[in-house]
Amino acid sequence: MKFVIVGFGRVGIRTARILSSENHEVTVIDSDPEKVERASEEGFTALQGSGDDESLLEEAGIETADAIAALTDDLNVNFSACMIGKHHGARTVMRIDADYREEIYEAYASEVDEVVYPERLGAAGAKTALLGGDFNVLADLTERLSVATIDVPDGADVVGKRVVEVELPGDARIYAHGRRNEPMSIPLPDTTIEAGDTVAVTTDPDSLEAIRATLGA
């Protein structure tokens with residue numbers, strides 16, 4: 001598959017490396033020349049400029065890309081890049097910082113396929129570790145694992161079940177849960193799933209579609 005990664009910071013680097021290790025084609029865009037040079041040294045096709053520049057995205061191959069991940073720390077750039085990608089038929093994944101107000105999050109999230117918020121996941125992991133829980137699943141985010149958020153629809157078989165009771169195919173597991181339009185957190189033993197909830201799972205990439213089917217998505 002072919003992917004465009006906008007932003008070669010901490011999240012972008014790891015994402016690009018994982019995709020490349022799975023033999024996908026990755027093109028990187030970043031406005032920082034040092035990051036572009038670093039991406040080139042790692043073997044990626046890398047272009048310097050802003051991710052909201054449509055001509056640059058076209059040069060990166062957005063017209064034939066399967067998906068675009070906009071992972072900079074600039075929300076407006078991320079959103080614009082995703083809208084350009086959406087126009088060209090690409091799946092869109094946008095990074096948003098956890099400290100944005102809920103109405104802003106909702107406005108942006110409704111326009112893209114997936115939203116990622118690394119800071120929120122980091123905070124959830126720290127809280128769990130402090131409480132004595134096991135959050136090492138994120139430390140295992142390597143070439144063999146993918147992370148995805150899935151919305152649970154009305155009528156799904158898992159509605160009404162406790163999160164800990166949900167059995168997923170393979171080695172997949174739910175590591176975070178959130179009510180509709182609420183921040184995600186580590187589920188407690190008695191947390192039940194309701195229609196409209198969002199769950200975050202780790203899974204082998206080949207099992208993702210089976211996971212979505214199990215959760216009714």
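A residue counts as buried under 20% relative accessible area, as exposed over 50%, and as partly exposed in between. Take Arg91 in this predicted model: its relative accessibility is 36%, so Arg91 lands in the partly exposed group.

**The chain as a whole**

- The chain has 8 helices and 9 strands.
- Of its 217 residues, 44% are buried.
- If you look at contacts between residues at least 6 apart in sequence, 57% of them join residues at least 24 apart.

**Salt bridges**

- Side chains of opposite charge can pair when their charged atoms come close.
- You can find 8 salt bridges in this structure.
- One of them joins Arg91 and Glu114, with 3.1 Å from N to O. Arg91 sits in strand E5 (residues 91–95) and Glu114 in strand E6 (residues 114–116), so this bridge links distant parts of the chain, 23 residues apart.
- Another bridge pairs Asp197 with Arg179, at 2.5 Å from N to O. Both residues lie in the loop between strand E8 (173–178) and strand E9 (198–203), so the pair ties together parts 18 residues apart in sequence.
- Asp197 is buried, because its relative accessible area is 1%, while Arg179 is partly exposed at 24%.
- Some bridges share partners: Arg17, Arg38 and Glu42 are joined into one network that way.
- Then there's Glu165 with Arg162, whose closest N and O atoms are 3.3 Å apart. Glu165 is partly exposed at 40% relative accessible area, and Arg162 is partly exposed at 33%.

**The aromatic pair**

- A pair of aromatic rings is described by the distance of the centres and the angle of the planes.
- The count here comes to 1 aromatic pair, made by Phe8 and Phe44.
- Their ring centres are 5.9 Å apart and the planes are at 70°. Planes over 60 degrees apart count as edge-to-face, so that's the label this pair gets.
- Phe8 is in the loop between strand E1 (2–6) and helix H1 (10–21), and Phe44 is in the loop between helix H2 (33–41) and strand E3 (45–48). The pair links distant parts of the chain, 36 residues apart.
- Phe8 is buried, with a relative accessible area of 1%, and Phe44 is buried too, at 9%.

Notes: Residues are numbered from 1 along each chain as its sequence is written. This is a predicted model: local features need pLDDT of at least 70, side-chain atom pairs count only at pLDDT 80 or more; totals for chains, interfaces and linings use all residues. Side-chain values use heavy atoms; hydrogens and water are left out. Rings of Phe, Tyr and Trp (its six-membered ring) pair if their centres lie within 6.5 Å; planes under 30 degrees apart count as stacked, over 60 as edge-to-face and the rest as tilted. Helices (H or I, at least four residues) and strands (E, at least two) are DSSP runs, numbered from the N terminus. Buried means under 20% relative accessible area, exposed over 50%, partly exposed in between (1.4 Å probe, protein chains only). Contact means heavy atoms within 4.5 Å. A salt bridge is a side-chain nitrogen of Lys or Arg within 4 Å of a carboxyl oxygen of Asp or Glu.
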